[in-house]
Amino acid sequence: MGVAQPIPIPPPPSPYGVVYFRISQSCGKEREMDRKIRVLVAKPGLDGHDRGAKVIARALRDAGMEVIYTGLQQTPPMIVEAALQEDVDVIGLSILSGAHMTLLPKITQLLHDQGMDDVLVVAGGIISDADARTLMQQHGVAAVYGPGASTRDIVRYIQENVGTRKA
Amino acid sequence: MLSSSVLRLPSSILVQTVELAHSLLSGNRRALARGITIAETGGAPARALLSAVYPATGRAHIIGITGAPGAGKSTLVNSLALHWRRAGKTIGVIAVDPTSPFSGGAILGDRIRMQPLGGDPGIFIRSMASRGRLGGIARATGDAIALLDAAGFDIVLIETVGAGQSEVEIAGAAQTTLVIEVPGMGDDVQSIKAGILEIADIFVVNKADREGADALIGQLRAMLRLGGPPPDGWEPPIVPAIAIRDQGIAEIAAEIERHRAHLGASGQLAMRDRDRAGREFQRIIQEAALEQLRARYAGAAWDALVDHIAARELDPYTAAAQLLEPGVSK
């Protein structure tokens, strides 16, 4: 069977009990197991173009991740429902319109309601440092990246922090 | 139901897996989503989960939709799903996209065309990457179908890219296979020779308002006539459609229904299901047997064996026989 790996996070509190525990993590790395990082990339709100989101999507793919790209004009409930069905590890949100203080807290609240606090929420776009701090400290956003951020940094952040979110 | 010792799984994990199975079977969507991930990851937890849900499978109508990139498959899936929802049916959709052979990653973009389906509790959409499989579907697609079936969806739709002769695995996984063709997409004579046309139970000529639509329909008819009377009595219909305008959708749904009735009446459904069960069983045995052997001969022992084989000191056939039956001499 091999050495059992220590469990990195406790199961998140949810009305469904412990069943959402990531079973593959506790079983160790068996040879035939094929665990990929799944990322939902979404553009909530009324942004008109998605060039940046597509650049990120390609970078994540090139880093070996599976990227579910949902396109423009997504509402928070659509994003959370897609994240649920696709069982993603990460949600990447790109917001250029300035509506991040409305949209991001809505999304993280819906994730919390669904018991999905273990999903890493990473935001990018035009977000001030002050707003970024508020989002990270008070609204469950894990990381915020500005327009100049390197895709390599984002990839590395995801790889290092997936599965480590506290409930 | 497998025991924890047979599965080589800690009993606590087995208990959690069985709880997940129960949750999934009673309609919990998050459990279903997590179950599909476990199936994709593979290994003992996946086997435990699929073992637990197996008795609940066998009810859904499993439909495959394939065709070249750009043929309008996702749009068609969207239109068909909306049509079936109006008739009160529930639909699970699996959209398969290719994994990059260089990075191992994938961009799964089929959901974009299915926006109108979002938020409908009667629909569940899951994107899957092929993860190195070349036949058009992923290794775990069959498992994902079983999970959606067990979760109670009336219809399970699998959408996959099929452009040439090798992306035909969908026909083995589905009960009814649709091949979507589009006029003006290159050399039509060439396309008639491709294996993908042989797997079609129903042809759809999408974007039928484009130039060349009638010619394509004619070529498909001619190709079907060349093949002679079909052995199972089903002549694949050719249905023109303009999916983006919802034209032809009701006709396609009617043909799908007619095919299902034909499969039932002719005994084909039971026969194909039995064939599929046999093939799946064999695949499961192969995976489980290999995993058990690799667990027994791990790390240095395995490497030493491969070194002997590479140095021609041992041939791989004898080595395999020795692994499978310890004590067998050369």
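1. Confidence. The model is a predicted one, and it scores ipTM 0.88 and pTM 0.87. For chain B the mean pLDDT is 87, with 92% of the residues at 70 or more.

2. Domains of chain B. The domain assignment divides chain B into domain 1 (1-56), domain 2 (57-275) and domain 3 (277-324). Between the C-alpha centres of domain 1 and domain 3 of chain B the separation is 27 Å.

3. The largest nonpolar core. This core holds 129 residues, and those touching the most other members are A:Val67, B:Leu147 and B:Ile158. Helix 4 (residues 44-53) of chain B contributes the most to the core, namely 7 residues. The core lies between domain 1 (1-56) and domain 2 (57-275) of chain B, because both give residues to it.

4. Surroundings of A:Val67. Apart from neighbours within four places in sequence, A:Val67 is in contact with A:Val39, A:Val41, A:Ala57, A:Leu60 and A:Arg61 in chain A. From chain B, the contacts of A:Val67 are B:Ala106, B:Ile107 and B:Leu108.

5. Helix 2 of chain B. The 15 residues of helix 2 (residues 11-25) should span 21 Å at 1.5 Å a residue, and the end C-alpha atoms are 21 Å apart, so the two values agree. Buried residues of this helix are B:Ile13, B:Leu14, B:Gln16, B:Thr17, B:Leu20, B:Ala21, B:Ser23 and B:Leu24. After helix 2 of chain B comes B:Gly27, with a positive phi near 100°.

Note on methods: Residues numbered from 1 in each chain as written. Chains lettered and ligands numbered in written order. Predicted model: local features only at pLDDT ≥ 70, side-chain atom pairs only at ≥ 80, totals over all residues. Domains from an automatic or database assignment. pLDDT = per-residue confidence, 0-100. Core = buried A, V, L, I, M, F, W, Y, C linked by C-beta atoms within 7 Å. Buried ≥ 20, exposed ≤ 12 C-beta atoms within 10 Å, placed from the backbone. Helix = DSSP H or I, 4+ residues; strand = E, 2+ residues; numbered from the N terminus. Contact = placed C-beta atoms within 7 Å. Expected span 1.5 Å × (residues − 1).
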